[in-house]
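Here is a short briefing to read beside the sequence and the 3D view. Keep both open as you go through the points.

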Amino acid sequence: MPHPPDCVRANVALAPYTTMGLGGPARWFARCTSVGELRECLAFAQREGLPVQVFSGGSNIIFSDEGFDGLALNVALRGLREEESRDDAILSVGSGEPWDDVVLRAAGRGWGGIECLSGIPGSTGGTPVQNVGAYGQDVGETLTSVRALDRRTLVEREFSRDECAFGYRESRFKGPDADRFIITEVRFRLTRNSEPEIRYPELARELGEGAGDARRLTPGDVRTAVLALRRRKSMVVDPSDENSRSVGSFFTNPVVTKTFLEERLKAFPVPVFPAPGGVKLSAAWLVEHSGFPRGFRKGGAGISEHHALAIVNRGGTTADVLALAGEIEEQVYGKFGVRLQREPVVVRYNPR
Ligand SMILES: Cc1cc2nc3c(=O)[nH]c(=O)nc-3n(C[C@H](O)[C@H](O)[C@H](O)COP(=O)(O)OP(=O)(O)OC[C@H]3O[C@@H](n4cnc5c(N)ncnc54)[C@H](O)[C@@H]3O)c2cc1C
């Protein structure tokens, strides 16, 4: 008979811990508030030969309808330290701190560098995993280091920004070291005295409309504008907005070579953006032009009425969501020859 640590419970429904609101029960579940608890839980899983699934805010993960036949570890480490120097502010944040609380605090103090990432749900520890980004900014720009617990050795170590290997919605924690480390703390260097740089035309327009004077822009102004834009797209989690029952964008923007663009996509006016190694295509455009308009519904899943890349739970199941995602991928590939990549992690019932 297994003897789990005190923080471990049996048979816990996963759906309430996710923004999609989907997923059956975890055979074992623990909400860990310290590194000590994480170690105890990992040792328990090692003893019992259980697979472990780490998650935190549940905003970029999809659990199966059957649940998870192992230990689901919910990271809830709190704490935030601030150090100010003349030009910079260093924030050291426990990985379970809600990300948007951190942005709110930084913007409130006038510290710049993460204001465009306002309104993104989930935890601070979740942000380095896919190098969270929006409106021309990503965490890889201001993050200076990450502390993480090695799941095999149970030893904590530190990664510098360069060691995190950030790319577009990529990092070592999603790539080569997926499922190896549990992030426990993230450190950021923010600016104290510089005016926010606006790189995204849509955001510049929103700020332009709101600004009646020529005063200096603050991180707080940018946060207000970003939140207004995101709310209109249902990209802020709001229990009263059905269109926000999603994982945000389900697909990343595919990067293709210029040759592929010229040879295969010449006939299509797909919006493109510069990207290392080629061009980035608008995944939203590809989806909408493959027979899946905003508001499309199939079974218990659908596409948000306000965002072409958000697959929404319309009272259905994980199977409904994945079936719709599969159908979109097939149609986009059939029409444009482009393979869409999924952004969220999809967890199988039994990953062994
Ligand atoms: C409405 C909505 C809008 C969104 N908008 C954006 C956006 O604009 N830009 C963007 O980039 N993303 C966006 N997202 C996706 C998501 O919010 C982010 O990816 C977020 O950082 C995920 O954090 P989380 O704590 O919820 O991670 P979870 O969903 O809990 O987990 C996601 C992955 O991260 C891993 N993980 C989580 N915590 C840890 C940890 N402490 N240590 C190691 N691994 C960990 C998990 O194992 C899993 O692989 C959006 C999601 C929603 C629902």
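Predicted model: local features only at pLDDT ≥ 70, side-chain atom pairs only at ≥ 80, totals over all residues.

Aromatic pairs come to a count of 14.

**Ligand site**

- Glycine 57 uses its backbone, with a polar atom 2.8 Å from a ligand oxygen.
- Arginine 230 places a polar side-chain atom 2.8 Å from a nitrogen atom of the ligand.

**Threonine 19**

- Threonine 19 is in the loop between β1 (8–13) and β2 (25–32).
- Its relative accessibility is 16%, so threonine 19 counts as buried, the cut-off being under 20%.
- Beyond its sequence neighbours up to four places away, threonine 19 touches Gly58, Ser59, Val237, Ser244, Arg245, Ser246 and Val247.

**Aromatic rings**

- A pair of aromatic rings is described by the distance between the centres and the angle between the planes.
- Tryptophan 285 and phenylalanine 336 form a tilted pair, with centres 5.7 Å apart and planes at 55 degrees.
- This pair links distant parts of the chain, as its members are 51 residues apart.
- Tryptophan 285 belongs to helix α6 (residues 283–288), and phenylalanine 336 to helix α7 (residues 318–336).
- Tryptophan 285 is buried at 13% relative accessibility, and phenylalanine 336 is buried at 2%.
- Phenylalanine 292 and phenylalanine 296 pair edge-to-face, because their planes meet at 75 degrees, over the 60 degree cut-off, with centres 5.2 Å apart.
- Phenylalanine 292 is buried, at a relative accessible area of 3%.
- Tyr17, Phe29, Phe55 and Phe63 make up one aromatic cluster.

- Valine 222 is in helix α4 (residues 219–232).
- Buried or exposed? Valine 222 counts as buried, because its relative accessibility is 0%.
- Leaving out residues up to four places away in sequence, valine 222 touches Glu115, Cys116, Pro196, Ile198, Leu203, Leu207 and Leu217.
- Glutamate 206 is 16 residues from valine 222 in sequence, and their C-alpha atoms are 9.2 Å apart.
- Alanine 43 is in helix α1 (residues 35–48).
- Alanine 43 is partly exposed, with a relative accessible area of 24%.
- Lysine 280 is 237 residues from alanine 43 along the chain, and 43 Å separates their C-alpha atoms.

**Positive phi in loops**

- Most residues other than glycine have a negative phi.
- Asparagine 131 has a positive phi, near 45 degrees.
- Its place is the loop between α2 (99–109) and β8.
- Asparagine 131 counts as buried, because its relative accessibility is 3%.
- Alanine 165 also has a positive phi, near 55 degrees.
- Alanine 165 lies in the loop between β11 (156–160) and β12.
- Alanine 165 is partly exposed, at a relative accessible area of 45%.

**Threonine 142**

- Threonine 142 is in the loop between β9 (137–138) and β10 (143–150).
- It counts as buried, at 9% relative accessibility.
- Apart from neighbours within four places in sequence, threonine 142 is in contact with Gly113, Ile114, Arg161, Arg187, Phe188, Arg189 and Leu190.

Terms used: Residues numbered from 1 in each chain as written. Heavy atoms only, no water. Polar contact = N/O pair within 3.5 Å; in protein donor to acceptor, adjacent residues only side chain to side chain. Helix = DSSP H or I, 4+ residues; strand = E, 2+ residues; numbered from the N terminus. Buried < 20%, exposed > 50% of the residue type's maximum accessible area, 1.4 Å probe, protein only. Contact = heavy atoms within 4.5 Å. Phe/Tyr/Trp six-rings, centres within 6.5 Å; stacked < 30°, edge-to-face > 60°.
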